[in-house]
Amino acid sequence: MAKKGLILLLYSILFAAFLLNSNAANADERKVKVFAYFLNHSSSSAEESLVYSYGNFNAFAAKLTEEEVKKFSEMDGIVRVIPNHILQLHTTRSWDFLGFSQSSVGAKLEGDVVIGLLDTGIWPEHESFNSQQLGAPPSKWKGTCQGANFTCNTKIIGGRYYNSENWYSDTDFKSPRDSEGHGTHTSSTAAGDRVSGASYYGLANGTARGGIPGARIAMYKVCWSLGCATADILAAFDDAIADGVDIISVSLGSLFVLSYDEDPIAIGAFHAMKYGILTSNSAGNLGPFSYSVRNYAPWTLTVAASTIDRKFVTRVVLGNGQSYAGPSINSFDLHERTFPLIWGGDAANYSAGGSPDLSKYCITGYMNSYQVEGKIVFCETLWDGTGILQASGAGTIMASSGYQDFAFSFPLPAAVISTEDGEKILNYIRSSEYPEATILFGEAWSDIMAPYVVSFSSRGPNPISPDILKPDLTAPGVDIIAAWSPVAPPSIAREDPRSVNYNIISGTSMSCPHASGAAAYVKAAHPDWSPAATKSALMTTATVMDSSKHEDLEFAYGSGQINPANAINPGLVYDANDTDYINFLCKQGYNTTTVRLITGDETSVCTSTVIGRAWDLNYPSFSLAVEDGMPISGVFTRTVTNVGSANSTYNVRVYSPSNFSISVEPQVLSFSTVGEKQSYTVKVTGGMITQQKIMSGAIIWTDKDQQYEVRSPVVVYNVLPGYTYSPPQTSKFQEKPTFQGPSMYQKNGILGPN
C-alpha cells in the first residue's frame, strides 16, 4: 500500500470540502464516517488519517496517498480538493508618525478587545506583554493556552499551535512560543505595552508600544521554520472564531494568485466576517510590479507598506577621506578603526570551485579566507554577509541599487551603497597601493519625503476582481522597531548567534498589525459595528497620499495612510454583509457549489449565472476597469449609514482628471437619525482609452458643519479584452506550489528566489 504523509509531500495533507449539513448533530463523527465510506476504511483507521475537522468550514483536512487523492477528486459530492500549501510570512515612532500618540477610548473598552494573530508564535515573557494593569480576560473569552513551557497572562490570553505536517526543525518550539521573531514583532506592534528604553543596539532608542496597549492578544501559531500550512491556517481561523476574538491579523499569504474558493485566508476571513470579526491582511512583498497584490478578497482589509519620517543609514569612509552612505542598519561599532579594503573578485576560493565571477558577489562558500581574514570586502551585490563572516572578514560593503528605500541589518559590520558609489570604491581599490576603509556605526536620519509606499510593497490592480480596488490602504511597514524573540536571529542571516529583545525589520507583515491595531481601536470605540463598517471608517478617514511620489497612485496606497485618531468618528460608513458578498461572488462567475465552499452554508445560492460587474458592492472605494479600445463608462450604486450627528446634511464634491468625469446623484444627503441609510449613484464617463495606466479622482462627502469628511478614491484603468473579471478554476484539484526561503527576509518575500 502506498505510504501516506510527508513522503508524499505534494499530497501529504489536503483540504477536502463536502456539501454536508452544517447544522447536523455530531458533525465531526459524520465526517469521519463519510471519509471512511469513501475510502473503504474502518472508522478508526479513517479517524487516524484525519488531521482537522473544521467546525465552521464544513470541511476537513486529512493525510492521503496519491491514489486516494485521485479517488477523492473523482467522487460526486466533493467540491474541491486542495493540497496543504505552504504560505509565506509577509515581515515606535510609527504610531506617533500617524498622529496617534495615545488612545482616547479608555482602558476598559480597550481591554474588552481581543486581537487574534495567525503567525509564528509569541514570546510570552517579553516585557512588551507584561502589563500589570489589565484585569481578567473579558467574559466572552473562550480561548485557552496550549503547550508545555508556555504560560498566558492578562495581556496574552490565548495561545494555540498547529502543525499538520508534523515536521519540526531543531529551532522550532512545540508550543505557541516564537522561535522566528516575526509573531512577537507583529503582536507588539498591534497591542504591545509601553516599554521605555527600547532599542536595537542603541539605535531607535525610545518608548516602544503597540497601537492599542490595553487590548488583549491571542496567538495562533501556524507558521514554522518550514512555512505556514493551509490546513493549519483554516484550523486557526476556526478556533479564533470560536474563542471570541474581535480582530484577526494575518501577516502572510501566497506567492500565487488563488481564486476565493481555493484561498484559505479568504475562506477563513469570510467565516470570521459572518461572526462580526474583521480580518486585516498584508498586501504582500512582491512589488513594485502590477497585479502583485495578495489577500484581495473584498471582505478583508488589505494593507500596503509605507515609510515613516525616520530611516537608517550607514556610512563608509575610505582611506582617501571620501565618504559614502546608504540604507543599512549597522549595529557594530568599529570605533573608526580602518581595515584593509579588497574587492571580492580578488578573493576567490578556487579549491571550493569558486572564481572571480562568483566571489565578486561574496557568495557564501566561495570566499578565500586567506585573502578575506581581517579585511573589509567590497561586494558587487546585496547578500546576507555570511560569505564574509565565515571567511573571517572584518566587514563588508555591498553595492546595490535595488533596495534603497529600506534597510537591512547584518551579522557583521556592513554597509549598502548605490552601484554608482560602488564603482567609485572599486576604482579606489584598483588605484591605491594600500586601500583601506572603515564602516561607521548606523545612524537614524530624518526622512522628509515620508510617507511614501516602499518599493517591495505589492501593487494593484486586483488580479481576479478588477472592480475592487486593492490594496485598501497603507500603514507604516518600513524599518519598524518592535519586540523580538530572544532566540531568533537579529539580522538577515540565520546564522547570527546574537540575541536581542527588539528588532528593526520591514515588510507588509509590519504594516498589517498597524492596521489591525487601528481596527481594534475602532472596535473598542464601536463594539457593535460590523467588519465592513470598521473597514470603511479606516478607509474613508485615511490621510491622502502624495500622488506625485507614486506613478501607480492608488494601486500603491489604496485610500491612503491609516489615521486611527480620525477613524473612530467617520461620519458615514459603507456597510456590507455576507449576502452582499455572496451576490458579488455570483456575479464573478462562482456558482452555488463553489460559493458554498467559501460560505460553508448550504443555504447560499446563486440565483443567476449571468456574469456582471462588481459596481453594486457597497465598497468604500471605486474601481473601473475598462477594456482596451472601449469608452470609459461605469455606473456605481452605494449606500451610506449615518454614524455621526443625528441631524446632519452632507454635500458632495468630486475631483477627476481631464480624461474622465464623475457625476453623483443626489448631491445632497440628509439624515435625521443615527443609523439612517441613504443611497446615491455615481456615473463615471469618458472617451475611448487604450493602454491607459491608472488615473484617479475622488468623491468626498462633507457635512455642513465641516465636522466629517468622507473620502472615496475613484480609479480608472485599462485591462485586456475579457479581463474585467477572473472566474474561479473549474478543476477539483489544484497543483501545489512550493515555497522556500531560509532567512526571515526571504520568508517575508523581500529577498526571495526569483
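Here are some friendly notes on this predicted model, point by point.

1. Confidence. The average pLDDT of the protein is 87, and 84% of the residues score at least 70. Two stretches deserve a careful eye. Residues 1–25 have a pLDDT below 50, although this stretch has 89 contacts in the model beyond near neighbours in sequence. Residues 730–754 are also below 50, and here the model has 94 contacts beyond near neighbours in sequence. Where pLDDT is low, the predicted coordinates should not be read in detail.

2. The largest core. The largest nonpolar core of the model holds 86 residues. Leu118, Tyr220, Val245, Ile248, Tyr260 and Trp299 have the most contacts inside this core. Helix H13, which spans residues 508–525, supplies the largest share of the core, with seven residues. In soluble globular proteins, nonpolar side chains tend to be buried together.

3. Disulfides overall. Searching the whole structure turns up four disulfides. With the bonded cysteines numbered in sequence order, the pairing reads 1-2, 3-4, 5-6, 7-8. A disulfide is a covalent bond between the sulfur atoms of two cysteines.

4. Cys223 and Cys228. The sulfur atoms of this disulfide lie 2.1 Å apart. The angle about the S-S bond is 110°, and the link of Cys223 and Cys228 is right-handed. Both Cys223 and Cys228 are buried.

5. Cys362 and Cys379. This disulfide has an S to S distance of 2.0 Å. The torsion about the S-S bond of Cys362 and Cys379 is about -90°, so the link is left-handed. Cys362 sits in the loop between helix H9 (356–359) and helix H10 (369–372), while Cys379 belongs to strand S19 (residues 376–379), so the bond ties together parts that are 17 residues apart in sequence. Cys362 has a relative accessible area of 2%, which means that Cys362 is buried. Cys379 is buried as well, with a relative accessible area of 1%.

6. Cys586 and Cys606. Here too a disulfide joins the two residues, with S to S at 2.0 Å. The link of Cys586 and Cys606 is left-handed, with -90° about the S-S bond. Cys586 is part of helix H17 (residues 578–587) and Cys606 is in the loop between helix H18 (592–599) and strand S28 (622–627), so the pair connects parts that are 20 residues apart in sequence. Both Cys586 and Cys606 are buried.

7. Tyr650 stands opposite Asp703 in S34.

How values were computed
Residues are numbered from 1 along each chain as its sequence is written. This is a predicted model: local features need pLDDT of at least 70, side-chain atom pairs count only at pLDDT 80 or more; totals for chains, interfaces and linings use all residues. Side-chain values use heavy atoms; hydrogens and water are left out. A nonpolar core is a set of buried Ala, Val, Leu, Ile, Met, Phe, Trp, Tyr and Cys residues joined through side-chain atoms within 4.5 Å. Buried means under 20% relative accessible area, exposed over 50%, partly exposed in between (1.4 Å probe, protein chains only). Helices (H or I, at least four residues) and strands (E, at least two) are DSSP runs, numbered from the N terminus. pLDDT is the predictor's confidence in each residue, from 0 to 100. Contact means heavy atoms within 4.5 Å. A disulfide is a pair of cysteine sulfur atoms within 2.5 Å. Two strands pair if DSSP finds at least two bridges between them.
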